[in-house]
Amino acid sequence: MKKRIFALLGDYYHDHDLILDSLKAAIAPMGDQVELQDIVVGDLASALLEKPDLFILNKENRLNPTDEQIQCWMTPELETQISDYVQQGGSWLAWHAGLASYPEEGPYGLMLKGMFKFHPRVNKPVKYQPRGEANFLGTPTRFEVMDEHYFVECDQANTHVFLEAESLDGVSVAGWAHQFGKGRVCCITPTHRAEGLTHPELHRLVRESIQWLL
């Protein structure tokens with residue numbers, strides 16, 4: 001039976017089509033094992049009621065990040081629904097922008113056990129490399145691309161860190177995963193630019209994250 005994957009992708013700073021193409025390339029080797037459905041914000045609540053096998057979020061919370069009055073799409077009700085979905089056996093992949101601008105102490109942030117804090121304004125080479133158990137997801141991830149270096153705050157004592165990112169600006173956690181109730185959560189920070197989103201090692205990281213979650 002095919003595993004159903006719902007994905008909510010793209011925002012002001014992150015091109016929807018580029019991310020979707022990257023995700024499709026990542027799951028292509030899985031063939032007919034999975035079925036991907038690309039949704040919009042307005043479909044999220046009803047999509048969760050369908051209890052898909054996996055939900056992927058690569059979209060930040062801010063709808064208008066350049067305006068003086070910021071509007072966000074994640075409501076307290078949606079946060080609770082997401083948390084309940086995973087606790088009851090669902091799986092969640094928070095990918096790059098899916099870690100950005102969400103309330104850290106809300107149900108969603110507490111479920112993730114980590115959140116984006118900042119990135120330096122200038123892109124530079126970022127090296128992604130394994131940390132901890134080498135084969136946690138599968139083949140250890142190693143690649144280097146010009147990228148935003150995401151620095152995150154992560155509750156490392158209560159999750160499994162398997163990836164880190166290093167640049168001239170320092171070192172930060174870049175991938176972690178854990179059980180949450182009856183479900184699973186995985187968070188990965190790579191990557192922002194086309195160079196990274198088209199990289200075969202990024203595709204493998206996304207694919208192996210998905211396979212662990214399923």
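Predicted model: local features only at pLDDT ≥ 70, side-chain atom pairs only at ≥ 80, totals over all residues.
Author: Residues are numbered from 1 along each chain as its sequence is written, and side-chain values use heavy atoms, leaving out hydrogens and water.

Reader: Why is Val161 called buried?

Author: Buried means under 20% relative accessible area, exposed over 50%, and partly exposed in between, with a 1.4 Å probe and protein chains only. Val161 has 10%, so it counts as buried.

Reader: What does Val161 touch?

Author: Contact means heavy atoms within 4.5 Å. Leaving aside residues up to four places away in sequence, Val161 touches Arg131, Gly132, Cys154, Gln156, Val173, Gly175 and Trp176.

Reader: Where does Val161 sit?

Author: In strand S9. Strands (E, at least two residues) and helices (H or I, at least four) are DSSP runs, numbered from the N terminus.

Reader: What makes S6 and S9 a pair?

Author: Two strands pair if DSSP finds at least two bridges between them. Strand S6 (residues 124–130) and strand S9 (residues 160–167) have four bridges, in the antiparallel sense. Lys127 stands opposite Glu166 in S9.

Reader: And which order do the strands of the open sheet follow?

Author: The nine strands run S2-S1-S3-S4-S11-S10-S9-S6-S7, with mixed pairing. Strand S2 (34–39) and strand S7 (143–147) are the edge strands, as each pairs on one side only.
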